[in-house]
Amino acid sequence: GRCGGGPTGYMETPLSYSTIEDLQLLSWDNAPKYCVQLSVPGGTVLLQAANSYLRDQWFHSLQWKKKIYKYRKVLNNPSRWDVVLKEIRALVDMALSSPLQDDSIHQAPLHIISTLLAENSSLSPQDHENIIVAIAPLLENNHPPPDLCEFFCKHCRERPRSMVVIEVFTPVVQRILKHNMDFGKCPRLRLFTQEYILALNELNAGMEVVKKFVHSMHGPTGQCPHPRVLPNLVAVCLAAIYSCYEEFINSRDNSPSLKEIRNGCQQLNDRKPPLPLRLLRPEPPTPPPPATLLPLTATSSPILVELERNNNSANAKRNADPSGGNGEPNLIDCLLVSPAVNTLSIQLPAQADRVLGCFALILKMLSDYDDWRPALASLLQPIPFPKEALAHAKFTKELKYVIQRFAEDPRQEVHSCLLSVRSGKDGWFQLYSPGGVACDDDGELFASMVHILMGSCYKTKKFLLSLAENKLGPCMLLALRGNQTMVEILCLMLEYNIIENKDTQLQIISTLESTQVGRRMYEQLCDRQRELKELQRKGGPTRLTLPSKSTDADLARLLSSGSFGNLENLSLAFTNVTSACAEQLIKLPSLKQLNLWSTQFGDAGLRLLSEHLACLQVLNLCETPVTDAGLLALSSMKSLCSLNMNSTKLTADTYEDLKAKLPNLKEVDVRYTEAW
C-alpha cells in the first residue's frame, strides 16, 4: 500500500491537541478505510475507526478541539478589541454550525467568553453590548453559565434601558422560566431573572412592560402550556421580596419571635401558661391590676377583665374548678378579640420599596389567571414570607388582593388553601382576620373568607367549632354591624348547639336581635325549631314514595302540607330532585331509610344530610352524580348499615375510608365503580 510501513498500534507518547497542525479525511482511491490523517511536527499520524460514522465523529471532534484551543489562546490575552469581537462572532458561528451533538459545544464558548469578561473589567458599555449581541444565538438553547449570569445581572442593573435587555435577555429569561427545574442548583439564574424583571420595571412604562412580560409567559390562551413557569416565577418573587427585608432580618436578634407576630402577640410567651380571664371581684386586690376594658354588647356597663397570674390557673381551668362551680369557659374568654398587634415600624429604603412594589404586582397578576390560581394558592399556603414582611402594612395591603382572589375562587382546592397547612399554625385566614397581623379592613375580607369556606367545607360542623373557639369575638362584632355571613354563622352555631355556655348563647341571641337581618334570620331559626317540635308531636305517615319526575318544589310543597314527624322511609327514586331538597330532608327527625336512586342529588346535599340525619340507616345513591367529596362526608353517619353506591364516581380509596369509619355497615353495593 501507499502508506509505507510505518509503526502501527498504540502510540508511546500522547499527542497534545495544540501540536496538531492540520487534519483531513483520507479520500484517495484504495486509501486505508475509515482513517483520519493528523499532521504533527515531524510527520503524520493515521487514526483508523471501525466505521465511517465514528471516523466522522472523530474528525469533527478533533477539529472542534483544535479550534477551541485556538480561540482560547486568542481571547485569553486580547490585544485589539475589534479583532476580539470578530473572533467571538466566528467562535459562535463555529459552535452553531458544528455537526456534533453535545452540551459542551455551546457551553465551552460561553465559558471562554465569561472568562474574557471577568478578566477585562475596564470594557466600555458599548463593548459589553456588542459581546452580548454576538453570543445571543448561543443562548437560545442554553442557560447562561453562572459567571455569565453575574455579568448579565450587572448589565441589567447598570443599563436597564439598553436595547440588549429587551432584545437579547427576554428570550433567555423566557427559556429559564420554562425549562429550569431547580433554582436551588443554580441560584444565579434566579438572580438574573430577578434583575431582568427589575430592569423592565425601570423603563418608562415599567409596570406595563412587566405585565406584558408575565402575560407572554402565560401565553394568550386560558391554559398556560408550561408547568414550570408558575413555580419558577413564584420562586423569583419570593426571593426578591425576601431580599427587601434582608437588613431587618439580619438585625433580628432582639425582634419579637415569628410566632408572636403571626399570632398578633397574643401568645404572651409560650413558656408561660395561657392566662385565663376572670371577672374582677367587687373589691379589687390591693395592688390595682392592669385592667383591660372590654365593652360587651349584651350588658349596659363595661365589664372589667383581669389576667390571672398564678401558674396553676391553667390547670384549674382545665379541670372543672371545684370552688368556682362549673368549669365552663368564661363568657369573656370566648369574646376577647386579640389585642392590636405591635407592628414593627418597617420603613424600607427607596430601592427595596421599588423591588417590593414590582414583585408584589407580579404575585397579584399571577393570581388573576384561573389556571394558575390553584397552584399559586398551594405554593403560598405555608406562608413563605419573612415575619418582617407580614408585619409591614404596605406588603400585607398589596398581598390582600391575592388573598381576596383565593377567597372568591369557587374551587375548594383554591380557597381551602386559606386555612393553615396543619393545625396549630396560622394560615392566611388567621392573618387577615380581625386581630390578625394583616387585618386593616375591620374584617371585610375575613367575612368573605368565612362565607366561601362555610359553603365548601363539608365538615361544616368542624369549621364552626373552630370559629367558635378562636374567632367568636370577631364573628359577633361583625354580626353586630349587620354582616349577613356572620349573622348566618351565629344562627348555625345556635342551630347545631355548638356553644354550650348559656351566657354566650344569650349574648349571641341579643347580638342577632340587634340588627334587622339578624332578627329575621333568628326568627326563621326559631320557626324551624318550632316546626320540628310540632312535627314530632303530631306524627304522620311512616312511609312515603314520591311520583317519578317530581321536583324539589313538589317535595317542599308536600312536606309543608302536613306533619311528617314519624316518617321513617322515604323514596325519591327516579324523581328530578337535586341537592337543594336536602334542606327539606333534614327536617325529618325520624328518617331511617332514604332512596335517591337515579336522581340529580349530589355532594352538597350529602354534606347537609351527614350533619343532620344522624339516625339514617339505609341510603341508596345508585346512579346519582355524587363524588368522593360528598361520599367522604358520610363517614360521620355512624348508624348507616346499608349503602348503595352502584354506578357512582366512588374511588377505591374513599371506599376503604368509609368501611373503616362506618362500623355498622353490613350491605354495600359498589358495582360499576372504581372500587368494584
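Colleague: Among contacts between residues at least 6 apart in sequence, what share joins residues at least 24 apart?
Modeller: This is a predicted model, where local features need pLDDT of at least 70, side-chain atom pairs need 80 or more, and totals for chains, interfaces and linings use all residues. Residues are numbered from 1 along each chain as its sequence is written, and side-chain values use heavy atoms, without hydrogens or water. A contact means heavy atoms within 4.5 Å. Of the contacts you describe, the share joining residues at least 24 apart is 67%.

Colleague: What percentage of the 676 residues is buried?
Modeller: Buried means under 20% relative accessible area, exposed means over 50%, and partly exposed lies in between (1.4 Å probe, protein chains only). By that rule, the buried part of the chain is 46%.

Colleague: How many strands does the chain have?
Modeller: Helices (H or I, at least four residues) and strands (E, at least two) are DSSP runs, numbered from the N terminus. The chain has 30 helices, and its strands number 12.

Colleague: Which residue in the turn between β2 and β3 has a positive phi?
Modeller: β2 (residues 35-40) and β3 (residues 43-48) run antiparallel, joined by six bridges. Along them, S39 stands opposite T44, and Q37 has L46 as its bridge partner. The two strands form a hairpin with two residues between them, and the one with a phi of about 90° is G42.

Colleague: In the sheet with the order β7-β8-β9-β10-β11-β12, is the pairing parallel or antiparallel?
Modeller: Take β10 (residues 618-620) and β11 (residues 642-644), which three bridges join in a parallel run. L619 has L643 in β11 as its bridge partner. Across this open sheet of six strands, the pairing is parallel.

Colleague: Is W58 buried or partly exposed?
Modeller: W58 is found in helix α1 (residues 52-76). The relative accessibility of W58 is 31%, so W58 counts as partly exposed.

Technical notes:
Pairing = 2+ DSSP bridges.
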